[in-house]
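Open the model in your viewer and keep the selection tool ready. The tour goes from stop to stop, with something to select at each.

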Amino acid sequence: VPYHAAEGYIARLVERGYHVAVCDQMSEPDGKGPVDRAVTRIITPGTVIEPGMLADNRPNYLMAVIPYGNPSERSWKSAGIAYTDITTGEFAATQVVGDDAAVMVLEELTRLQPREVLFPESWAKQGVSLPNGIHLTPIVDWVIDFASAQQTILNHFGARSLESYGLDDKPNAVAAAGAILHYLRQTQRGSLAQLTSIRPYSTDGYMVLDGFTRRSLELTETTRGRTAKGSLLSVLDRTVTPMGGRLLHTWISQPLLDLQRLSARLDAVEALTQSEGLRAELRDALRGVSDIERLTNRILIGK
């Protein structure tokens with residue numbers, strides 16, 4: 001396809017779940033033979049960074065789900081979960097344990113709505129169904145071996161142990177995080193400077209809502225048209241920056257249970273609602289702010 005029109009074609013292919021290899025010219029023509037070219041990046045649904053292919057007000061998550069149990073019986077005893085948005089550098093991981101592990105994973109899938117999910121090949125062969133709009137990418141099983149995943153993480157962050165990242169007692173989360181880093185190394189050809197840390201999290205810190213409840217409450221999209229207009233998000237969203245829009249989307253999708261954090265958030269809201277002048281001044285100042293979060297990360301990876 002013509003180079004100047006490539007993004008449009010890539011967007012359509014990626015939307016259908018295809019992986020698109022991008023080849024760049026690596027040397028100048030000398031008239032003696034063909035120029036050198038190489039694959040510099042592989043674009044997948046979860047690794048898009050082009051602004052024209054992204055929604056400004058919502059994250060673009062790549063997620064890894066690593067189940068443990070019996071693949072042939074599709075019996076889950078525990079699971080590791082990790083997700084990242086390479087456009088902002090957000091990177092988090094957790095693990096769930098118990099007979100309801102599969103249910104908890106489904107709830108996280110519904111909350112995060114990732115564009116792409118990495119899943120072990122041995123489990124994928126048993127037939128896995130995901131919520132609509134999520135693309136499944138099988139990964140070879142050796143990638144999720146704990147020792148391999150741990151070394152991948154340590155090498156990436158230049159660390160000696162996982163203790164400082166809060167993952168030393170979360171082997172399943174380590175496997176999921178390692179799978180993401182391994183996949184990104186393959187697809188982004190080493191351009192991972194934006195992933196500077198990883199955050200452990202627990203599903204106990206916020207209200208867990210199943211897919212039916214989220215749809216019924218119409219938190220971020222309507223039940224019928226599945227559009228943002230008419231949802232709770234559209235009613236509350238008066239943000240003037242893409243970063244604020246993404247943060248509000250996250251807050252609505254992840255209701256807090258921590259009373260101290262809830263009170264602090266409400267205090268901030270109260271302070272702004274009581275000072276109309278300050279609020280107007282802040283909004284005017286913020287209107288001139290570009291999407292610093294994503295722009296910074298594009299600079300970091302040289303794109």
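Begin with R246, D291 and E293, which a network of salt bridges links together. Bear in mind that this is a predicted model. The salt bridges come to ten by count, and a few others deserve a stop.

**Salt bridges**

Select R115 and E15. Their side chains form a salt bridge, 3.4 Å from N to O. R115 sits in the loop between α2 and β6 (116-120), while E15 belongs to helix α1 (residues 6-15), so the pair ties together parts 100 residues apart in sequence. Now color by accessibility. R115 counts as buried because its relative accessibility is 18%, under the 20% cut-off. E15 counts as exposed, at 52%.

Next, select R111 and E108. Their closest N and O atoms are 2.9 Å apart in a salt bridge. Both residues lie in helix α2, three residues apart, so about one helical turn separates them. R111 and E108 are both buried.

Then go to K170. Its salt-bridge partner is D169, with the closest N and O atoms 3.5 Å apart. K170 is partly exposed, at 21% relative accessibility.

**The largest pocket**

Select L236, T239, L248, W251 and V269. Of the 27 residues that line the largest pocket, these lie nearest its centre. Helices α8 (242-253), α9 (259-273) and α10 (276-287) each give two or more residues to this lining. Which element gives the largest share of the lining? It is α9, with seven residues. The pocket holds about 1,000 Å³ of space. Its lining divides into 19 nonpolar, four polar and four charged residues.

**The second largest pocket**

Move on to R58, Q113, N132, E221 and R226. They lie nearest the centre of the second largest pocket, which has 35 lining residues. About 850 Å³ of space lies in it. Show α2 (101-112) and α6 (211-217): each supplies at least two lining residues. Helix α2 gives the most, six residues. By type, this lining splits into twelve nonpolar, eleven polar and twelve charged residues.

**Last stop: L232**

Select L232, in helix α7 (residues 232-236). Buried or exposed, or in between? L232 is partly exposed, with a relative accessible area of 35%. Show its contacts: leaving aside residues up to four places away in sequence, L232 touches E218, L219 and I252. Finish with a distance from L232 to L219. They are 13 residues apart in sequence, and their C-alpha atoms are 4.9 Å apart in space.

How values were computed
Residues numbered from 1 in each chain as written. Predicted model: local features only at pLDDT ≥ 70, side-chain atom pairs only at ≥ 80, totals over all residues. Heavy atoms only, no water. Helix = DSSP H or I, 4+ residues; strand = E, 2+ residues; numbered from the N terminus. Buried < 20%, exposed > 50% of the residue type's maximum accessible area, 1.4 Å probe, protein only. Contact = heavy atoms within 4.5 Å. 1 Å grid on protein atoms, 1.4 Å probe; cavity = no way out; pocket = protein on both sides within 12 Å on 5 of 7 lines; lining within 4 Å. Points joined across faces, edges and corners; volume = space filled by probe spheres on them. Nonpolar A, V, L, I, M, F, W, Y, C, P; charged D, E, K, R; others polar. Salt bridge = Lys/Arg side-chain N within 4 Å of Asp/Glu carboxyl O.
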